[in-house]
Amino acid sequence: MDHHQPILSFCMTCQDGHEAFHEDIRGGARLAQAFLSHIGAVQRHGFTLRGVRCMSQCKRACIVSLCANGRFSYMFGDLDAAAPDHVVALSALIPLYLAAPEGFLRREVRPEPLQARILGRLPPPGSASDLVTPLDEGDPAHGMFCHV
Ligand code: FES
């Protein structure tokens, strides 16, 4: 694993309620498999894939996260292993993430299926983003209103 590459994590244990129709294979595992099948047909480089057993957002299955050193971290939910546009959106997200300063992607820049399905967006340690206000310096109320 290259620790400098972005990491796309799939929750392999997310359940989507369709397991009985898929030999008890979890929805998250099916989503990961669908993604692997998709990127098998296109160039794959510049990121690492991993499976995770639960990312503590089980009620919003299926869950995928994206993170990298020095970049924003994202968590997405309500993803559907049977929705090709969700898989394509995840693959389209990575080059956008790599190209953006600190990997910061506004809602309208993300592929459509990943706009409303965002569950979290965390700035990296030491972020230069103007979204971040150091609370241990000066007036903590300055710049605290969310505009994004
Ligand atoms: S089982 Fe997927 S987030 Fe918990």
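Me: In strand 4, which residue is the bridge partner of Ser 65?
Reply: Bear in mind that this is a predicted model. Strand 3 (64-67) and strand 4 (73-76) pair in the antiparallel sense over three bridges. Across from Ser 65, the bridge partner in strand 4 is Met 75.

Me: Which residue takes a positive phi in the hairpin of strand 3 and strand 4?
Reply: That hairpin has five residues between the strands. The positive phi there is near 75°, and the residue that takes it is Gly 70.

Me: At roughly what angle do the axes of helix 1 and helix 2 cross?
Reply: Take helix 1 as residues 27-40 and helix 2 as residues 84-99; their axes come within 9 Å. The crossing is right-handed. As for the angle, it's roughly 60°.

Me: How many residues of the contact of helix 1 with helix 2 are nonpolar?
Reply: On the helix 1 side we have Ala 34, Phe 35, His 38 and Ile 39, meeting Val 87, Val 88, Leu 90 and Ser 91 in helix 2. Two of the contact residues are polar and none are charged, which leaves the nonpolar ones at six.

Me: Which residues touch the most other members of the largest nonpolar core?
Reply: This core has 30 residues, and strand 1 (7-11), helix 1, strand 3, strand 4 and helix 2 each give two or more. Leaving out residues up to four places away in sequence, Leu 31 touches Phe 10, Cys 62, Leu 79 and Ala 81. The residues touching the most other members are Leu 31, Cys 62 and Ile 63.

Terms used
Residues are numbered from 1 along each chain as its sequence is written. This is a predicted model: local features need pLDDT of at least 70, side-chain atom pairs count only at pLDDT 80 or more; totals for chains, interfaces and linings use all residues. Axes are lines fitted to C-alpha atoms, for helices over the stretch in contact, and angles run from 0 to 180 degrees between N-to-C directions. Helices (H or I, at least four residues) and strands (E, at least two) are DSSP runs, numbered from the N terminus. A crossing is left-handed if the near helix is turned anticlockwise from the far one by less than a right angle, and right-handed if clockwise. Two residues are in contact if their C-beta atoms, placed from the backbone, lie within 7 Å. Ala, Val, Leu, Ile, Met, Phe, Trp, Tyr, Cys and Pro count as nonpolar, Asp, Glu, Lys and Arg as charged, and the others, Gly among them, as polar. A nonpolar core is a set of buried Ala, Val, Leu, Ile, Met, Phe, Trp, Tyr and Cys residues joined through C-beta atoms within 7 Å. A residue is buried if 20 or more other C-beta atoms lie within 10 Å of its own, exposed if 12 or fewer, and partly exposed in between; C-beta atoms are placed from the backbone. Two strands pair if DSSP finds at least two bridges between them.
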